[in-house]
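Please walk through this protein with the model open beside the text. The tour goes from loops to strands, then to rings and side-chain contacts.

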Amino acid sequence: MRRILLTAAAAALAAVTGLAAAPAGAATVPPASAASSAGSSAASSGAPGAVAGQGGWEAWPTPASDLPAGSRCDFPVHLEPVVDEGQRRVLEYAPDGTTVRRAAFRGALVLRITNATTGASYVADAGGRAVVDYRPDSSQTWHAHGPVLLGVGPNGGNLPRDLYLVDGVYTIDISSTGYKTLTLRHGSAEPLCAKLA
């Protein structure tokens, strides 16, 4: 959710993990997989030069990113794609013809998550699939299947602050303020910060 993620590529990872650099609306969001809790507005407004609205898949890479201490884990975290084959396909535009209202994400995404203080790392498969609905108030809903990286900040969701590897069939609602609500139909949400401590 831009890929839970759910193949959350760059934008997807940002929205889901809470990284500000990734486009919002695309989970915008991944796994990514991600510092702003709602993501950016790039996904919602469509990526420059994208032709996905014509039914095709476009590459949707996930950038490396850094999370400061206290934002997800007690220590700073570096996220780096090891395998990055994320793709996005726009399914629906708003009446203005440019704002993305629904998009699908897919593709292999493997992330190395590193404790930037100690160097301890964990490799996570975050290459699930998702269909993401974007609303005019910048809120979004991820309808996801398979693994994705979900970052929750302090008081930022219905799970405690941490990085989670979510797997199964689930939805992630991200409010206009960035509050994330995970609803598992079946599956699990594994906290990762303890694995890196």
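**A walk through the strands and loops**

Serine 138 has a relative accessibility of 42%, so it counts as partly exposed. The model here is a predicted one. Serine 138 belongs to the loop that links β8 and β9. Its phi is near 80°, which is positive even though the residue is not glycine.

Asparagine 155 sits in the loop between β10 (148–152) and β11. How accessible is asparagine 155 in relative terms? Its relative accessible area is 75%, so asparagine 155 is exposed.

Now step back to the whole chain. The protein contains three helices and twelve strands. Of its 197 residues, 53% are buried. The exposed surface comes to about 7,600 Å². Carbon and sulfur atoms supply 54% of that surface.

β8 and β9 are antiparallel and pair over six bridges. Within that pairing, alanine 130 faces alanine 144 in β9 as its opposite number. β8 also pairs with β5, again in the antiparallel sense, over four bridges. There, alanine 104 stands opposite valine 131 in β8. Strand β8 therefore has pairings with β5 and with β9, and strands of a sheet pair through backbone hydrogen bonds.

Aspartate 133 lies in strand β8, which covers residues 129–134. Is aspartate 133 buried or exposed? Its relative accessibility is 16%, so aspartate 133 counts as buried; the cut-off for buried is under 20%. Its side chain makes a polar contact of 2.5 Å with the side chain of arginine 102.

Aspartate 96 is placed in the loop between β4 (87–93) and β5. With a relative accessibility of 48%, aspartate 96 counts as partly exposed. Its side chain is joined to that of threonine 99 by a polar contact of 2.7 Å.

The aromatic residues come next. How many aromatic pairs does the structure hold? It holds two. Phenylalanine 105 lies in strand β5 (residues 100–106) and tryptophan 142 in strand β9 (residues 140–145), so the pair ties together parts 37 residues apart in sequence. Both phenylalanine 105 and tryptophan 142 are buried. Together with Trp60, Phe105 and Trp142 form one aromatic cluster.

A charged group also meets a ring. Arginine 106 lies over the face of tryptophan 57. The distance to the ring centre is 3.9 Å.

Turn to an open sheet of four strands. Its order is β2-β3-β6-β7, and the pairing is antiparallel. Why do the edge strands have a side without a neighbour? β2 (65–67) and β7 (121–125) stand at the edges with a single partner strand each, so one side of each is left without a neighbour in the sheet. On average, neighbouring strands of this sheet are turned by 25° against each other, with direction ignored. Strand β6 (residues 109–115) joins β7 through five bridges, and the two run antiparallel. In this pairing, arginine 112 stands opposite valine 123 in β7.

The last stop is another hairpin. Strand β11 (residues 162–174) and strand β12 (residues 180–191) run antiparallel, joined by eleven bridges. Aspartate 173 has threonine 181 in β12 as its bridge partner. Five residues lie between the strands of this hairpin. Among them is a glycine with positive phi: glycine 178, near 95°.

Technical notes. Residues numbered from 1 in each chain as written. Predicted model: local features only at pLDDT ≥ 70, side-chain atom pairs only at ≥ 80, totals over all residues. Heavy atoms only, no water. Pairing = 2+ DSSP bridges. Axes fitted to C-alpha atoms, helices over the stretch in contact; angles between N-to-C directions. Buried < 20%, exposed > 50% of the residue type's maximum accessible area, 1.4 Å probe, protein only. Areas by Shrake-Rupley, 256 points an atom, 1.4 Å probe, with all protein chains shown as cover. Phe/Tyr/Trp six-rings, centres within 6.5 Å; stacked < 30°, edge-to-face > 60°. Lys NZ or Arg CZ within 6 Å of the ring centre and 35° of its normal. Polar contact = N/O pair within 3.5 Å; in protein donor to acceptor, adjacent residues only side chain to side chain.
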